[in-house]
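Please open the structure in your viewer and keep the selection tool at hand.

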Amino acid sequence: MSFHHDKIWMQRALSLAANGLGYVSPNPMVGCVIVSEEGDIIGEGYHERYGHAHAEVNAVKAIKDRELLKNAVVYVTLEPCSHEGKTPPCADMLARLPIARVVIAMKDPFPQVNGKGIAKLKEKGIIVEVGVLQKEAAELNEKWLQAIELSRPFITLKVAQTADGYIAAPNGDSKWISCIDSRKLVHRWRSEDDAVMVGRNTALYDNPSLTVRLVEGRQPKRVVLDGPFELPRHLNLFSDQFEEKTTIITYNRKKAEEESDPMLKLLQSNYFRGDVLITEQTNGHVRLKDAARQLYDKGIHSLLVEGGQQLSTALLKAGLVDRLQLFIAPKILGGGTKSLLNMGVNRMEDIVPFKDYSWNQVGTDMLLTANL
């Protein structure tokens with residue numbers, strides 16, 4: 001089979017993999033296509049849900065006639081796993097099949113795999129080729145790959161501002177600066193990332209739910225920074241049906257440990273049923289880099305931050321923003337709360353340029369997407 005055909009089948013596998021977006025993390029999205037010696041697709045599948053069967057297993061299960069596996073070619077978007085996780089190793093399963101060749105888009109950088117799956121296949125005399133549509137495969141799982149590399153989530157900062165740079169009116173009202181199309185897009189992002197984060201001021205004054213409502217999709221985990229651990233428990237994040245999806249990050253160890261006391265939980269009917277993470281205190285705030293590492297350890301590989309002025313500025317100053325999604329609405333306020341404040345840049349030559357950026361129109365708004 002030619003390299004041209006390899007690219008066609010791998011593109012099909014990548015398209016299948018994308019169906020797992022939002023559902024498979026902290027695992028990567030993976031697709032698999034199995035092609036017979038005659039050049040026909042005999043089985044295909046993708047990793048559909050975290051903890052469920054991997055792409056290769058689903059593709060093999062889809063094959064009606066096992067005789068067709070003889071000398072077949074397996075196309076998979078990521079190196080088959082070689083370790084026992086939530087499911088058995090896929091490399092071992094493929095190695096037992098009478099296949100001729102396995103074509104892999106990219107090696108798995110996860111330390112427990114990283115070439116071991118390829119080695120297992122080669123040991124059984126199966127021809128292995130790596131690197132077909134590697135760039136496209138890396139783009140598909142870019143957030144997962146960066147999270148593995150940096151041991152923190154890929155952080156997207158979303159800001160919606162007026163044309164003159166305000167995110168709220170002088171009375172604090174921010175509903176709605178962006179248009180309905182922009183808000184629908186943000187709900188789509190919420191369904192695709194592992195968690196959505198806000199600061200304590202946004203939680204207190206806007207009382208957001210951070211749920212997916214305007215589109216179909218799975219509900220994300222929710223993170224709120226509450227350094228002093230004083231936010232009232234009647235807020236939506238602590239009292240709605242998704243309360244258990246909420247994580248509070250605080251530096252107030254004493255209060256946090258009191259809250260998690262099992263005896264107190266038995267006595268209180270309205271105790272918080274979510275998670276609490278404790279960081280050190282830096283200048284009266286949660287230590288953001290520590291918070292990011294702890295979220296990664298909890299399996300959060302992608303984080304959408306819907307920040308107010310303080311959190312947005314702090315994340316950018318700490319170098320923790322990987323992608324900025326800035327909505328600019330065709331409106332002028334002339335006063336209120338600026339989107340960013342005191343970034344610490346005093347001269348034009350000190351400005352850090354974006355790695356790359358693009359402009360798109362979303363409804364009546366303009367959207368700047370910039371990678372930092």
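**The whole chain.** The model is predicted. Of the 372 residues, 49% are buried. If contacts are drawn between residues at least 6 apart in sequence, 74% of these join residues at least 24 apart.

**The surface and its charges.** Colouring by charge brings up 46 positive and 46 negative side chains. The centres of these two sets lie 2 Å apart.

**Helix 8 and Ala 203.** Next, select residues 200-206, which form helix 8, and locate Ala 203 within that helix. Is Ala 203 buried or exposed? Its relative accessible area is 1%; the residue is classed as buried because this value falls under 20%. Now display the surroundings of Ala 203. Leaving aside residues up to four places away in sequence, Ala 203 touches Val 198, Pro 208, Val 224, Leu 231, Leu 235 and Leu 237.

**From Ala 203 to Arg 287.** Draw a distance between the C-alpha atoms of Ala 203 and Arg 287: they are 18 Å apart in space, with a sequence separation of 84 residues.

**Helix 12.** Select residues 288-297, the span of helix 12. How many of the 10 residues in this helix are buried? Seven are, so that the helix is mostly covered, given that buried means under 20% relative accessible area. The buried positions are Leu 288, Asp 290, Ala 291, Ala 292, Gln 294, Leu 295 and Tyr 296. Continue past the end of helix 12 to Gly 299, where phi is positive, near 90°.

Centre on Leu 340, in the loop that runs between strand 16 (337-338) and strand 17 (356-362). Why does Leu 340 count as partly exposed? Its relative accessibility is 35%, and it is placed in that class because the value lies between the 20% and 50% limits.

Terms used. Residues are numbered from 1 along each chain as its sequence is written. This is a predicted model: local features need pLDDT of at least 70, side-chain atom pairs count only at pLDDT 80 or more; totals for chains, interfaces and linings use all residues. Side-chain values use heavy atoms; hydrogens and water are left out. Buried means under 20% relative accessible area, exposed over 50%, partly exposed in between (1.4 Å probe, protein chains only). Helices (H or I, at least four residues) and strands (E, at least two) are DSSP runs, numbered from the N terminus. Contact means heavy atoms within 4.5 Å. Lys and Arg count as positive and Asp and Glu as negative; His and the chain ends are not counted. The place of a charge is taken as NZ of Lys, CZ of Arg, CG of Asp or CD of Glu.
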